[in-house]
Amino acid sequence: MKWGYLMRTKSWVVNSRKLSILAIGILMLSSNVYGQSDTTIHSVQKKVSFKDSLDGAFDISEFLKTRKGFMFVPVIVTEPAVGYGGGGALLFFHPNNNPKNKTKIPNITGVMGLATENKTWAAGAMHFHVFGDDKVRTLTILAKPDVFIKYYGQNNEFLSNHPVTLNLNAFLAVQRAQLRLGESRWFVGGQYMFFQTSNSIDTIPNKPLINKLLDRVSGVSTISMVQPMVVYDNRDNIFSPTKGFNTGIIFSYNATWLGADDDYYKLNPFLLVYTPVVNKLYFSFRLEENSIIGDAPDYALPFVQLRGIPAMQYQSNNTVMSAMQWRYQLYGRWSVLAFTGAGKAFEDFNEFNEAEWVYDYGTGFRYEIARQFGIQTGLDFAWGNGDEFAFYIVFGTSWNK
């Protein structure tokens with residue numbers, strides 16, 4: 001299952017605060033993490049088979065659906081903004097056996113740690129819980145990330161071609177709760193996020209104006225944010241959907257009266273669509289916009305999030321992104337896919353036409369690793385703006401909120 005679904009966050013192309021969320025959340029079972037176990041796993045009851053009873057293929061459905069026990073998930077990081085790396089997550093599954101809960105989503109507690117080649121590291125713990133018959137979903141995260149990431153100066157002409165290294169030594173706490181409205185597919189809820197970081201950044205010799213800009217990013221910075229949200233989700237599968245759509249709006253308010261350094265607002269409407277086209281061919285579409293109103297710190301500004309585009313490379317007060325993906329069921333559990341997308345980052349909407357288009361394209365494959373849940377895993381190979389390349393190990397859908 002992709003943890004991006006549980007947190008309604010982006011995929012593994014993230015800014016500093018989302019990187020820390022993903023470090024404890026998405027990295028466990030997300031667009032850039034691949035978990036693999038032995039064919040059996042010990043639980044407090046008995047050994048569990050990882051072989052599907054219908055076709056004899058490797059499958060983890062039985063464990064996710066019925067068992068109570070531990071699973072170790074190796075972590076592989078392939079994000080170009082932080083370099084290659086890895087680590088591990090230890091997950092403890094608490095099955096939700098309420099007979100009224102048709103989703104059968106398990107409760108999960110986990111701890112994890114990771115490190116990358118550019119000295120980025122993160123450690124933390126999380127707990128996801130479904131109450132009763134899936135009326136309430138909660139998520140709690142505590143994480144300690146120390147991130148080294150390239151800073152492009154919000155499309156600054158010089159820094160766009162000569163990025164410097166930004167270090168965010170931070171602490172993150174997140175509490176989220178969502179309530180289902182009656183028997184509908186509407187969810188309302190909110191999230192509180194506390195993110196405090198000590199920032200340091202490289203300077204450039206003989207560039208006083210650039211260094212003055214970089215000074216704005218240095219020092220201790222605190223985000224204390226409430227995020228009410230409304231979501232409608234009628235997808236046939238929350239893990240790797242083939243039909244339905246997920247749409248909504250997230251409103252964020254960072255407030256000094258909550259202990260933050262600045263007052264600002266963020267608006268994030270989104271739409272994810274999934275539909276079968278013909279037999280064995282499936283199409284999905286993503287449309288998303290982010291807008292900041294107020295004086296947000298540079299590292300918290302939205303940026304274009306597409307596969308193959310490094311995090312924070314195209315960043316400003318506003319971003320618009322759209323993407324498409326086609327997947328063909330080739331043979332048995334195996335699928336091949338192709339995708340493309342485009343986006344812009346711009347300071348004001350009257351500058352939209354002048355802003356540079358950012359695009360990506362790529363291909364990949366999927367294997368249905370949990371038939372009863374419809375969960376797919378595989379690899380994506382992505383090219384961004386013609387000269388950037390990255391590959392991603394995917395568990396679940398590549399897009400989520």
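Buried means under 20% relative accessible area, exposed over 50%, and partly exposed in between, with a 1.4 Å probe and protein chains only. The model treated here is predicted, so local features need pLDDT of at least 70 and side-chain atom pairs count only at pLDDT 80 or more, while totals for chains, interfaces and linings use all residues. Residues are numbered from 1 along each chain as its sequence is written, and side-chain values use heavy atoms, with hydrogens and water left out.

**Exercise 1. Salt bridges**

Task: State how many salt bridges the structure holds, and characterise the pair formed by Arg333 and Asp55.

Solution. 

Step 1. The criterion is a side-chain nitrogen of Lys or Arg within 4 Å of a carboxyl oxygen of Asp or Glu. The structure holds 9 such salt bridges.

Step 2. Arg333 and Asp55 meet through their side chains, at 2.8 Å from N to O. This pair links distant parts of the chain, 278 residues apart: Arg333 belongs to the loop between strand S14 (318–331) and strand S15 (334–346), and Asp55 to the loop between strand S2 (48–49) and helix H3 (61–66). Helices (H or I, at least four residues) and strands (E, at least two) are DSSP runs, numbered from the N terminus.

Step 3. Arg333 has a relative accessible area of 7% and is therefore buried. Asp55, at 44%, is partly exposed.

Step 4. Through salt bridges that share partners, Asp55, Asp59 and Arg333 are joined into one network.

**Exercise 2. Two further arginines**

Task: Determine which partners Arg235 and Arg307 have in salt bridges, and whether Arg307 is buried or exposed.

Solution. 

Step 1. The partner of Arg235 is Asp233, with 2.7 Å between the closest N and O atoms. Both Arg235 and Asp233 are buried.

Step 2. Arg307 pairs with Asp380, and here the closest N and O atoms are 2.7 Å apart.

Step 3. Arg307 has 10% relative accessibility and so counts as buried. Asp380 is buried as well, because its relative accessible area is 0%.

**Exercise 3. Surface patches**

Task: Identify which residues form the patch of negative charge and which form the nonpolar patch.

Solution. 

Step 1. Patches consist of residues with over 30% relative accessible area and no salt bridge; like charges are joined within 9 Å, and nonpolar side chains (Val, Leu, Ile, Met, Phe, Trp, Tyr) within 5 Å. Accessible areas come from the Shrake-Rupley method with a 1.4 Å probe, and for residues only the protein chains shown count as cover.

Step 2. Asp and Glu count as negative, Lys and Arg as positive, and His and the chain ends are not counted. A charge is placed at NZ of Lys, CZ of Arg, CG of Asp or CD of Glu.

Step 3. The negative patch on the surface gathers Glu347, Asp348, Glu351 and Glu354. Glu354 is located in the loop between S15 and strand S16 (358–370), and its relative accessible area of 64% makes Glu354 exposed.

Step 4. The nonpolar patch comprises Leu179, Leu181, Trp186, Val230, Ile249, Phe251, Tyr265, Leu267 and Ile293, together with about 760 Å² of accessible area. Strand S11 (244–254) and strand S12 (264–278) are the elements that give two or more residues to this nonpolar patch. Ile249 sits in strand S11 and, at 36% relative accessibility, counts as partly exposed.

**Exercise 4. Aromatic pairs**

Task: State how many aromatic pairs the whole structure contains, and describe the geometry of the Tyr253 and Trp257 pair.

Solution. 

Step 1. Rings of Phe, Tyr and Trp (its six-membered ring) pair if their centres lie within 6.5 Å; planes under 30 degrees apart count as stacked, over 60 as edge-to-face and the rest as tilted. A search of the whole structure finds 15 aromatic pairs.

Step 2. Tyr253 and Trp257 form a tilted pair, 6.5 Å centre to centre with 50° between the planes. Tyr253 is buried at a relative accessible area of 18%, whereas Trp257 is exposed at 61%.

Step 3. Phe283 and Trp326 also form a tilted pair, at 5.5 Å centre to centre and 50° between the planes. Phe283 in strand S13 and Trp326 in strand S14 are 43 residues apart, and their pair links distant parts of the chain.

Step 4. Phe251, Tyr253, Trp257 and Tyr265 form one aromatic cluster.
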